[in-house]
Amino acid sequence: MKNSCVSRSTSRLTQTSQLTSQFHSRWAGNGSRAFAIWSSVQVAIVLVCVTASAAEPSAEIRRSVPLQAEIDSVQPMTGVVLWHDHEDVATDAISLEFRYCGYDEVAVGPGQWDFTAIEKLLDEIASRSHQAVLRFRFVYPGKKTTVPQFILDLPGYNETVAKSEGKKTHFCDWSHEGFQQFVLDFYTEFASRYDNDPRIAYLQTGFGLWSEYHIYDGPMKLGDTFPSKDFQSKFLKHLDQQFDSLPWMISIDAADDEATPIANSDDLLALEYGLFDDSFLSKEHSKWNAENWRAFGSDRWQRQAGGGEFNYYTRRDQKLALSPNGPHGVSVEDAVRQFHISFMIGNDQPSYQTMPRIQDVSMSMGYRFRVTKAEAIKQNGQVSLELQVTNEGVAPIYRNAYFEMEGVRSNQSLRGLLPGETRTCTIDRIASRPTSDNLKIVSDAILPNQAIQFSADLK
């Protein structure tokens with residue numbers, strides 16, 4: 001490019017010299033008039049040359065950039081989860097905390113909401129540099145429902161009381177239209193407040209026992225103790241419209257086509273919800289649970305998160321959940337990879353495992369970014385940084401995240417980068433050499449004191 005420019009400049013100078021000779025031959029002896037005309041000609045020739053040179057872009061110069069970085073902690077929105085009140089919850093071995101929430105904690109009257117309890121909870125969890133996994137539930141064996149009192153007092157609302165798991169349990173009256181509308185209104189209000197709140201990583205929801213989308217023990221009656229299929233459809237579509245950012249999830253038990261409409265509805269399968277599996281690593285997992293996962297589409301994990309809880313069928317299942325071969329011959333790392341798990345509730349694990357082991361398992365879940373190539377690109381006086389990034393994890397990141405340097409974010413988000421895939425991310429107008437100190441990954445979906453790390457070994 002340089003030689004080409006020099007050649008064109010030399011050619012223009014030659015042409016200028018020829019014009020000069022011709023001018024002197026023609027205008028010799030004409031004094032000041034000749035000088036004025038020749039000065040104008042010279043200025044015009046110089047402007048043409050300068051303009052032509054400026055219009056030609058400078059060559060693009062690329063330089064490889066050395067970069068060293070490592071991932072040494074559990075990444076935000078991933079890993080083993082402890083309940084918020086666990087005695088060992090203040091640990092770096094986790095990044096997430098779980099809590100059941102009752103609707104009556106928030107709803108105080110028709111159209112009246114008090115989120116004080118939720119705010120206090122979220123602030124407490126965030127103070128430990130963790131994010132929350134919340135699950136709102138109505139029914140829990142041995143307890144009354146969390147239906148707010150003003151709904152209980154409505155004419156025609158009648159709950160069912162029956163045994164579940166050997167305990168006296170209250171079941172909602174899903175035949176009541178006022179109660180159904182309250183549920184929709186609740187999630188409209190919740191989404192308006194928390195859809196973009198970085199204190200919450202995931203929202204779980206559903207119906208039946210523990211909101212796990214079943215009543216396997218107790219009075220299972222569609223349209224009565226459990227929502228009708230029509231209302232379930234309305235509910236799922238409503239939530240899909242309310243949440244643009246916060247990942248929300250339902251149980252894999254919603255695949256049951258006798259109790260739910262989902263498996264037989266292309267419209268409901270197309271909605272953007274994730275899945276949670278509350279009997280992960282159970283003895284029959286490869287048969288029953290795996291079939292439920294598949295019912296929602298084998299590629300759902302590419303768009304929406306998967307999580308759950310290590311199963312409680314036996315004490316042995318909990319004790320061996322993180323053992324090398326798991327409780328039933330499958331290691332947690334292999335199962336996490338197979339089902340592309342981002343997080344898993346393991347509240348009992350500190351009783352059986354060391355915190356370093358819990359941290360190792362946590363780091364096997366979710367995303368894991370590696371920069372495989374870094375180049376500084378100089379052109380027209382500006383320097384940009386081009387990164388090639390690979391996801392070495394088992395799942396994508398489900399929120400927007402960007403490389404950032406000197407306050408400038410990359411033009412491309414890392415969201416949706418699948419395991420084994422590579423994406424090019426470019427940061428425009430950098431002024432210094434990137435290092436592990438000034439190059440970072442930022443996201444509006446994590447807490448200010450959290451960090452999404454990356455690894456690199458570029459020399």
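Residues count as buried when their relative accessible area is under 20%. H340, at 18% relative accessibility, therefore falls in the buried class. The structure described here is a predicted model. H340 is found in the loop between α10 and β14. Its backbone is marked by a phi near 55 degrees, a positive value in a residue other than glycine. Most residues other than glycine have a negative phi.

The protein contains 11 helices and 21 strands. Of its 459 residues, 51% count as buried.

S342 lies between α10 (332-339) and β14 (343-345). At 2% relative accessibility, S342 counts as buried. Neighbours within four places in sequence were left aside in listing its contacts.

L281 is found in the loop between β12 and α8 (285-295). With 8% relative accessibility, L281 counts as buried.

Strand β12 (residues 274-280) is mostly covered, with 7 of its 7 residues buried. β12 pairs with β11 and with β13. Strand β11 (residues 248-251) and β12 run in the parallel sense and share 3 bridges. Within this pairing, I250 has L275 of β12 as its bridge partner. The pairing of β12 with strand β13 (residues 306-310) is also parallel and spans 4 bridges. Here the bridge partner of F276 is G307 in β13.

Another sheet is built from 3 strands. This sheet is open, its order is β18-β17-β20, and its pairing is antiparallel. β18 (408-409) and β20 (439-442) stand at the edges, each with a single partner strand, so one side of each is left without a neighbour in the sheet. Strand β17 (residues 402-405) and β18 pair in the antiparallel sense over 2 bridges.

V442 is found in edge strand β20. V442 has a relative accessible area of 13% and is buried. Sequence neighbours within four places aside, V442 is in contact with A401, Y402, E404 and R409. V442 and N400 are 42 residues apart in sequence. Their C-alpha atoms are 8.8 Å apart in space.

Two packed helices are described by the angle between their axes and the distance between the axes. Helix α5 (residues 177-194) and helix α6 (residues 229-242) pack at an angle of about 15 degrees. Their axes are 10 Å apart. Angles under 35 degrees count as roughly parallel. α5 and α6 are therefore roughly parallel to each other. The crossing of α5 past α6 is right-handed. On the α5 side, the contact involves Q180, V183, L184, Y187, T188 and A191. On the α6 side, the residues are F231, K234, F235, H238, L239 and Q242. By class, the contact of α5 with α6 has 7 nonpolar, 4 polar and 1 charged residues.

G111 is exposed, with a relative accessible area of 62%. The cut-off for this class is over 50%. G111 and F186 are 75 residues apart in sequence. In space, C-alpha to C-alpha, G111 and F186 are 8.7 Å apart.

Methods. Residues are numbered from 1 along each chain as its sequence is written. This is a predicted model: local features need pLDDT of at least 70, side-chain atom pairs count only at pLDDT 80 or more; totals for chains, interfaces and linings use all residues. Side-chain values use heavy atoms; hydrogens and water are left out. Axes are lines fitted to C-alpha atoms, for helices over the stretch in contact, and angles run from 0 to 180 degrees between N-to-C directions. Angles under 35 degrees count as roughly parallel, over 145 as roughly antiparallel, 65 to 115 as roughly perpendicular and the rest as oblique. A crossing is left-handed if the near helix is turned anticlockwise from the far one by less than a right angle, and right-handed if clockwise. Contact means heavy atoms within 4.5 Å. Ala, Val, Leu, Ile, Met, Phe, Trp, Tyr, Cys and Pro count as nonpolar, Asp, Glu, Lys and Arg as charged, and the others, Gly among them, as polar. Two strands pair if DSSP finds at least two bridges between them. Buried means under 20% relative accessible area, exposed over 50%, partly exposed in between (1.4 Å probe, protein chains only).
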